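Please keep the sequence and the structure in view while reading.

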Amino acid sequence: MKKPAPAATHWCRTGNGFIFLDLASDRYFTLESGAADRFSLIVHRGQDAADDDWLAERGLHNLARPVDRIFPEAIAPTSSYLDSPGTERASAVDTIRAIYALALARRHVRKLRLAQILSTIPQFEPLPAEDQRSVARCAAAAFQRARHYFSGMDECLGRGIAIRRVLAGKGCDARLVIGVTLPFAAHCWVQLGSAVLTDPLDVVLPYTPILIA
């Protein structure tokens with residue numbers, strides 16, 4: 001049986017430095033200034049054989065492609081469903097589904113590595129764009145209503161995974177985004193096109209995406 005490929009290390013440039021997310025060990029890290037300068041040079045000119053050992057010594061031997069190369073269509077967030085709520089009202093059934101998804105995601109975040117969790121997001125055939133927006137608004141309303149009944153809504157990773165799974169199950173191709181900034185902080189949100197579904201816009205703007213799933 002073929003072994004799964006090792007989890008890659010994701011990275012991004014933010015400000016004057018780089019931040020890395022090692023999915024194999026569920027940890028973030030940065031480089032000291034001298035190492036960051038050399039890594040910046042490698043990024044600029046491309047990696048050659050002389051760089052292999054240097055990168056491996058720093059756990060950078062299995063780098064993922066940057067977000068803007070994997071998702072060239074990635075759009076910077078420009079709006080949030082929470083800043084301009086529509087007329088959709090969450091049904092009791094959708095709210096219960098949101099609460100269940102939140103509870104399951106919280107359990108998985110505590111017990112599983114992020115790479116394992118991301119592998120559980122189902123594959124699906126996306127709905128037409130207008131239908132996806134309608135589904136996303138209904139889901140956002142349900143998760144907002146779930147705040148009244150679920151105590152873990154401030155856990156951004158669990159919340160993001162929960163709504164990403166629910167939307168995938170409904171044929172909505174929203175994306176889970178993990179962003180970082182310096183001094184170090186990380187945040188997770190869900191986005192459909194340029195619209196954020198889980199947070200006010202001003203909450204996510206300070207972060208640079210390091211992983212989109």
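## The second largest pocket

The lining of the second largest pocket consists, by class, of 13 nonpolar, three polar and three charged residues. The model described here is a predicted one. The volume of this second largest pocket is about 400 Å³. Its lining comprises 19 residues, and those closest to the pocket centre are Leu118, Ser119, Ile121, Gln123 and Ala213. Two elements, α5 (114–118) and β8 (208–212), each contribute at least two residues to the lining of the second largest pocket.

## Overall form

The protein chain contains eight helices and eight strands. Its C-alpha trace extends over about 60 × 40 × 35 Å along the principal axes. The radius of gyration of the protein chain is 18 Å, which agrees with the value near 17 Å that a compact globule of 213 residues would have.

Of the 213 residues of the protein chain, 43% count as buried. Among the contacts in the protein chain with a separation of 6 or more, 67% are between residues 24 or more positions apart.

## The nonpolar cores

How many residues does the largest nonpolar core have? The number is 42, and the residues with the most contacts inside this core are Leu167, Leu197, Ile210 and Leu211. At least two residues of this core come from each of β2 (17–22), α4 (92–111), α5, α6 (129–146), α7 (156–169), β5 (175–181), β6 (185–192) and β8. The element that gives the most to this core is α6, with eight residues. Apart from this core lies another one, of twelve residues, including Phe20, Phe29, Ala35 and Leu55.

Leucine 197 belongs to the residues with the most contacts inside the largest nonpolar core. With neighbours within four places in sequence left aside, leucine 197 is in contact with Tyr81, Leu82, Ala136, Ala140, Ile163, Leu167, Ala174, Val190 and Leu192. One of these partners, Leu167, is also listed among the residues with the most contacts inside the core.

## The cavity

The model has one cavity of 30 Å³ or more. The volume of the largest cavity is about 60 Å³. Ten residues line this largest cavity, and Phe143, Gln144, Arg159, Leu197 and Thr198 lie nearest its centre.

The largest share, three residues, comes from α6. By class, the lining of the largest cavity has six nonpolar, two polar and two charged residues.

## Backbone features

Most residues other than glycine have a negative phi, and most peptide bonds are trans. Two places in the chain are of interest against this background. Leucine 182 and proline 183 are joined by a cis peptide bond, with omega about -5°. Proline 183 is located in the loop between β5 and β6.

Aspartate 26 is a residue other than glycine with a positive phi, near 55°. The loop between β2 and β3 (27–30) holds aspartate 26. Is aspartate 26 buried, partly exposed or exposed? Because its relative accessible area is 36%, aspartate 26 counts as partly exposed.

Threonine 14 lies in strand β1 (residues 9–14). Since its relative accessible area is 7%, and under 20% means buried, threonine 14 is a buried residue. Not counting residues up to four places away in sequence, threonine 14 touches Ile19, Val180, Thr181, Leu182 and Thr208. One of these partners, Leu182, takes part in the cis peptide bond with proline 183.

Isoleucine 99 is placed in helix α4. Its relative accessibility is 23%, so isoleucine 99 counts as partly exposed. Leaving aside neighbours within four places in sequence, isoleucine 99 has contacts with Ala146, Tyr149 and Phe150. The C-alpha atom of isoleucine 99 is separated by 9.8 Å from that of serine 151, a residue 52 positions apart from isoleucine 99 along the chain.

Methods
Residues numbered from 1 in each chain as written. Predicted model: local features only at pLDDT ≥ 70, side-chain atom pairs only at ≥ 80, totals over all residues. Heavy atoms only, no water. 1 Å grid on protein atoms, 1.4 Å probe; cavity = no way out; pocket = protein on both sides within 12 Å on 5 of 7 lines; lining within 4 Å. Points joined across faces, edges and corners; volume = space filled by probe spheres on them. Helix = DSSP H or I, 4+ residues; strand = E, 2+ residues; numbered from the N terminus. Nonpolar A, V, L, I, M, F, W, Y, C, P; charged D, E, K, R; others polar. Core = buried A, V, L, I, M, F, W, Y, C linked by side-chain atoms within 4.5 Å. Buried < 20%, exposed > 50% of the residue type's maximum accessible area, 1.4 Å probe, protein only. Contact = heavy atoms within 4.5 Å. Rg over C-alpha atoms; globule rule 2.2 N^0.38 Å.
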